[in-house]
Amino acid sequence: MVSYKDLGLVNTREMFKKAINGGYAVPAFNFNNMEQMQAIISACVECSSPVILQVSSGARKYANQTLLRYMAQGAVEYAKELGKNIPICLHLDHGNSFELCKSCVDMGFSSVMIDGSSLPYDENVALTKKVVDYAHQFDVTVEGELGVLAGVEDEVSAEEAHYTRPEEVIDFVSKTGVDSLAISIGTSHGANKFKPEQCTRNADGILVPPPLRFDILEAIEKQLPGFPIVLHGSSSVPQEYVKIINTHGGALKDAVGIPEDQLRQAAKSAVCKINIDSDGRLAMTAMIRKIFVDQPAEFDPRKYLGPARDELKKLYMHKCENVLCSAGKA
């Protein structure tokens, strides 16, 4: 058993309270490797932003659970080395079983998500409560989910979205004891979040997705005033990265994301955690593809992963400063 407190991490409880009161959202950036982690920490230190290092089940398998623990501890020390002891949380994204969540709690995660959203309501409640009862023994915070996001990302996939029902949220939160709730109001996983027929095209011919259902968010806030709300699938899919990828050998078709102005609006509400994964993947892939095409003789990983890391840092700083408004809140 490893306590996250011994690693210098924090849970999300205080983070979220400050975010709700301050009208901003804490960035939850997914990572799989060292370069992504370096970019996240250096960006958030420079912006003075709290941050959630987010790891999916697939990323945990890829990176190795033991290495992840030391990477998280290293992230805390790296931030101090860069000059700021920012609040850092290590969070399991989309945990799909009690066993996985328990293992993460035991290995030093400070927060876990149990995603029972694909189960019948009563089974989701029972599974979520079981995880909460275990995690809270060790002061680890738990995120639950009501509603289903469409799209594919990592090991999470669903054909159709099902919006969160506001009439269910009080019952779910009171029965499970969760610390935060992920909801479905129109965000979606992956880089291809919407089918072209769901979108309209603007004057520049760029696909514009349907707007987020802020009416559902407002109804949920009325049911749960001041309760921490989470948005998954909130990458904006910057078209400059899509263009770089596609002009350097890639084949991303109809990649479209959530407009940043809508995420800014959400961050001013009870939404205090916004998940961003695909944007980071796109930034990395764009830079690596560009170097492979423009400098075909290059074979030193540092020469293509380094620029990818620099682009990631730039992206993450933009998210903290201009989208989630978490800069200066550490």
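The largest cavity of this predicted model is lined by Thr-12, Phe-16, His-91, Ser-111, Thr-141, Val-142, Glu-143, Asp-179, Ser-180 and Lys-273. A cavity is here a set of points, on a 1 Å grid over the protein atoms alone, where a 1.4 Å probe fits but cannot get out, and a lining residue has an atom within 4 Å of a point. Grid points are joined across faces, edges and corners, and a volume is the space filled by probe spheres set on the points. The volume of the largest cavity is about 30 Å³, and the count of cavities of 30 Å³ or more comes to 1. Its lining is made up of 2 nonpolar, 5 polar and 3 charged residues; Ala, Val, Leu, Ile, Met, Phe, Trp, Tyr, Cys and Pro are counted as nonpolar, Asp, Glu, Lys and Arg as charged, and the others, Gly among them, as polar. With 3 residues, strand 5 (residues 141-146) gives the most to this lining. Strands (E, at least two residues) and helices (H or I, at least four) are DSSP runs, numbered from the N terminus.

Residues are numbered from 1 along each chain as its sequence is written, and side-chain values use heavy atoms, with hydrogens and water left out. As the model is predicted, local features need pLDDT of at least 70 and side-chain atom pairs count only at pLDDT 80 or more, while totals for chains, interfaces and linings use all residues.

Among the lining residues, Lys-273 deserves a visit of its own. Lys-273 belongs to strand 12 (residues 271-276) and counts as buried, at 1% relative accessibility. Buried stands for under 20% relative accessible area, exposed for over 50%, and partly exposed for values in between (1.4 Å probe, protein chains only). The side chain of Lys-273 makes two polar contacts described here: one of 2.9 Å with the side chain of Gln-54, and one of 3.0 Å with the side chain of Asn-275. A polar contact is a pair of N or O atoms within 3.5 Å; within protein, one must be able to donate a hydrogen and the other to accept it, and residues adjacent in sequence count only if both atoms are side-chain atoms. Neighbours within four places in sequence aside, the residues in contact with Lys-273 (heavy atoms within 4.5 Å) include Phe-16, His-91 and Glu-143, which also line the largest cavity. Others in contact with Lys-273 include Ala-25, Ile-52, Ile-229 and Leu-231.

Strand 3 (residues 88-95) holds His-94, and Gly-95 is found in strand 3 as well. Phi of His-94 is near 55°, a positive value in a residue other than glycine. Most residues other than glycine have a negative phi. His-94 is buried at 9% relative accessibility, and Gly-95 is buried with a relative accessible area of 0%. Not counting residues up to four places away in sequence, Gly-95 touches Leu-100, Cys-101, Met-113, Ile-114 and Asp-115. Between the C-alpha atoms of Gly-95 and Gln-54, which are 41 residues apart along the chain, the separation is 11 Å.

A positive phi is also found at Val-237, near 50°. This residue sits in the loop between strand 11 (229-231) and helix 9 (239-247), and Val-237 counts as buried at 1% relative accessibility.

Cys-101, touched by Gly-95, leads on to the cysteines. The structure holds 0 disulfides, a disulfide being a pair of cysteine sulfur atoms within 2.5 Å. Cys-101 is in no disulfide, and the nearest cysteine sulfur, that of Cys-104, is 6.7 Å away. For Cys-104, the closest cysteine sulfur is that of Cys-101, too far for a bond at 6.7 Å. Cys-101 is buried at 1% relative accessibility, and Cys-104 is buried with a relative accessible area of 0%.

Ala-75 lies in helix 4 (residues 65-81) and is buried, with a relative accessible area of 0%. Leaving aside neighbours within four places in sequence, Ala-75 is in contact with Met-37, Ile-41, Leu-53 and Ile-88. Ala-75 and Met-34 are 41 residues apart along the chain, and their C-alpha atoms are separated by 9.7 Å. Phe-299, in the loop between helix 11 (278-294) and helix 12 (301-323), is exposed, with a relative accessible area of 71%. From Phe-299 to Phe-29 the distance is 28 Å, C-alpha to C-alpha, for a pair 270 residues apart in sequence.

Note on methods
On a 1 Å grid over the protein atoms alone, a cavity is a set of points where a 1.4 Å probe fits but cannot get out, and a pocket is an open set with protein on both sides within 12 Å along at least five of seven lines; lining residues have an atom within 4 Å of a point.
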